[in-house]
Amino acid sequence: MYIAVAGNIGSGKTTLTKMLSKYYGWKQYLEPVAENPYIDDYYKDISRWALNMEVFYLKQRFKNLLEIQHSKETVIQDRTIFEGVYVFAANNRAMGHMDQRDYETYMELFESMMEVVEMPELMIYLRSSVPHLVKNIQKRGRDYEQRMPCLLYTSDAADDRISVD
């Protein structure tokens, strides 16, 4: 069986994936965040590096999907290829960080990949409030994430509202 865990940055995908993997003995595939050679550059100059970063993730997630397809074990995956495409790449396009030509090329590559991979049998979506997401991202402390525009806000622990610094 192939199970996927989806959700926003900081929603607890990795934590849930690790917990379920350990409890049930499932093979886990974690998001290759630290391995992305473009991530630091992306957060310094999003428009310049958006396509490079998205293609890296697309390549890595496709590679994982090919491995998952051949696995005889139950597999649980943290972050799917679909979020990369329909959330992150689409938002980079919508915000003007990826031009239409690059986005269309990226989408054609994705569509070609989808012809040879199987869909998850189960997808778990984790939903969380923005204050909770911000709190988790800040607690995790990844340098590049601390520069994200949404973290111009801080969480007020007393009433879980967001206030501008």
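The model is predicted, so local features need pLDDT of at least 70 and side-chain atom pairs count only at pLDDT 80 or more, while totals for chains, interfaces and linings use all residues. Residues are numbered from 1 along each chain as its sequence is written, and side-chain values use heavy atoms, with hydrogens and water left out.

**Stop 1: helix H1**

Select residues 13-24. This is H1, with 12 residues. Helices (H or I, at least four residues) and strands (E, at least two) are DSSP runs, numbered from the N terminus. H1 reaches 16 Å from its first C-alpha to its last, close to the 16 Å expected at 1.5 Å a residue. That expected span is 1.5 Å times one less than the number of residues.

Now colour Lys13, Thr17, Leu20 and Ser21, the buried residues of H1. Buried means under 20% relative accessible area, exposed over 50%, and partly exposed in between (1.4 Å probe, protein chains only). Look down the axis of H1: its buried residues fall within an arc of 100°, so they line one face of the helix. The arc is taken over the directions from the helix axis to the C-beta atoms. An α-helix has 3.6 residues a turn, so residues three or four places apart point the same way.

Turn to the face of H1 directed away from the buried side. Met19, Lys22 and Tyr23 are exposed there. Just after H1, stop at Gly25, which takes a positive phi of about 75°.

**Stop 2: the sheet**

Show the strands E1 (2-7), E2 (27-29), E3 (75-78) and E4 (122-126). They form an open sheet of four strands in the order E2-E3-E1-E4, with parallel pairing. Two strands pair if DSSP finds at least two bridges between them. E2 and E4 stand at the edges, each with a single partner strand, so one side of each has no neighbour in the sheet. From one strand to the next, the twist averages 20°.

Zoom in on E2 and E3, which run parallel and are joined by three bridges. Lys27 stands opposite Val75 in E3. Bring H1 back: H1 packs on the sheet, touching E1, E2, E3 and E4, and its direction makes about 165° with that of E3. Axes are lines fitted to C-alpha atoms, for helices over the stretch in contact, and angles run from 0 to 180 degrees between N-to-C directions. Contact means heavy atoms within 4.5 Å. The buried residues of H1 also pack against helix H4 (81-94).

**Stop 3: H3, H4 and H5**

Select H3 (residues 46-70) and H5 (residues 100-114), which pack at about 0° with axes 11 Å apart. H3 and H5 are therefore roughly parallel (angles under 35 degrees; over 145 is roughly antiparallel, 65 to 115 roughly perpendicular and the rest oblique). The axes of H4 and H5 come within 11 Å and cross at roughly 170°. H4 and H5 are therefore roughly antiparallel. Residues making this contact include Ile81, Val85 and Ala89 of H4 and Tyr103, Tyr106 and Phe110 of H5.

**Stop 4**

Which residues does Leu58 contact beyond its neighbours within four places in sequence? They are Ile81, Val85, Tyr106, Leu109, Phe110 and Met113. Leu58 is buried, with a relative accessible area of 1%. Its C-alpha is 6.9 Å from that of Gly84, 26 residues apart along the chain.

End at Asn64, also in H3. Asn64 is buried, at 7% relative accessible area. Not counting residues up to four places away in sequence, Asn64 touches Tyr29 and Gln77.
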